[in-house]
Amino acid sequence: MTALLDVRDLTVAFETPRGRTEVVRDVSFELAPGASLGIVGESGSGKSMTSLAVMDLLPPGATRRGSIRLAGTELTTLPPREMRKVRGARVAMIFQDPLSCLNPYYTVGLQISEAYRAHRPRATRREARRAAVEAMERVHIPHAAERVDHYPHQFSGGMRQRVMIAMALSGEPELLIADEPTTALDVTVQKQILDLIAEIRRDTGAGLVMITHDLAVVSEIADDVLVMQHGDVVEQGGAEQVFSRPRHPYTRRLLEAVPRIDDPLVGPGGAR
């Protein structure tokens, strides 16, 4: 079976006054259709740069080397115009901070409609608006027909993240990349967002790459895990194997840092 996403020897580098600096080095992994991969590591480990390289959204001054194939299509050699057809339609990203990603001057419905029409140039405004309402209903935003005309500041953090997910789904992508989608959300809302992403995967069959530093998130949603440190992959494998039998000292340290409910210091009346 052809992998949905096949990344080989991916390296991302920046040219700096001190010379070339590699922030991602020789990263390789596969994602099967409908499967989920968690990429974990501390800040600066290279996990977000890896996802941005897949989307060809690297910041100015960055270069990438290696192979990135989406269902057999090599993305690194696509002309910019062709890559724009892929981005949002076949691959979509859910960013970690919806408030900074959503334009405060436009309603959420208009922004979802814009994403919808970007890949359907013949769609009318009425059709795009209807699609925006349906997308908001799909992510369980109450009273979507009314709230489609609301602005981002009129939504809570969790609801704004649902808007971002609705926008990502507007192109019916084969692959979803979620970059820290539950950061800054309380644990109850975090659980709702993770359940929503799992529901979308079941309903659409889309593959998922989850970028996070939160091992609890990965344990709940990922089939496979890739652990990064300082731009390198230090461990990868099935989620059960990585969590129960970690091989690399860095992975073990990450797991040891996760608070346990059976730890007397974090249980009822604990000090943490």
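Four strands, in the order S2-S1-S4-S5, make up an open sheet with antiparallel pairing, where strands (E, at least two residues) and helices (H or I, at least four residues) are DSSP runs numbered from the N terminus, and two strands pair if DSSP finds at least two bridges between them. Strand S2 (19–31) and strand S5 (73–74) are the edge strands of this sheet, each pairing on one side only. Between strand S4 (residues 62–70) and S5 the antiparallel pairing extends over two bridges, and Arg69 stands opposite Glu74 in S5. Helix H1 (residues 47–55) packs on the sheet and touches strand S1 (5–16), S2 and S4, its direction making about 105° with that of S1; contact here means heavy atoms within 4.5 Å, and angles run from 0 to 180 degrees between the N-to-C directions of axes fitted to C-alpha atoms, for helices over the stretch in contact.

The model is predicted, with local features needing pLDDT of at least 70 and side-chain atom pairs counting only at pLDDT 80 or more, whereas totals for chains, interfaces and linings use all residues. Residues are numbered from 1 along each chain as its sequence is written, and side-chain values use heavy atoms, with hydrogens and water left out.

A second open sheet consists of six strands in the order S6-S7-S8-S3-S9-S10, with mixed pairing. Its edge strands are strand S6 (91–94) and strand S10 (232–238), each of which pairs on one side only, and neighbouring strands of this sheet are turned against each other by 15° on average, direction ignored. S6 and strand S7 (residues 175–179) run parallel and are joined by four bridges, Leu175 in S7 being the bridge partner of Val91. Helix H7 (residues 157–169) lies across S6 and S7 and runs at about 175° to S6, while helix H8 (residues 187–204) packs on the sheet, touching strand S3 (36–40), S7 and strand S8 (207–212), with its direction at about 160° to that of S8.
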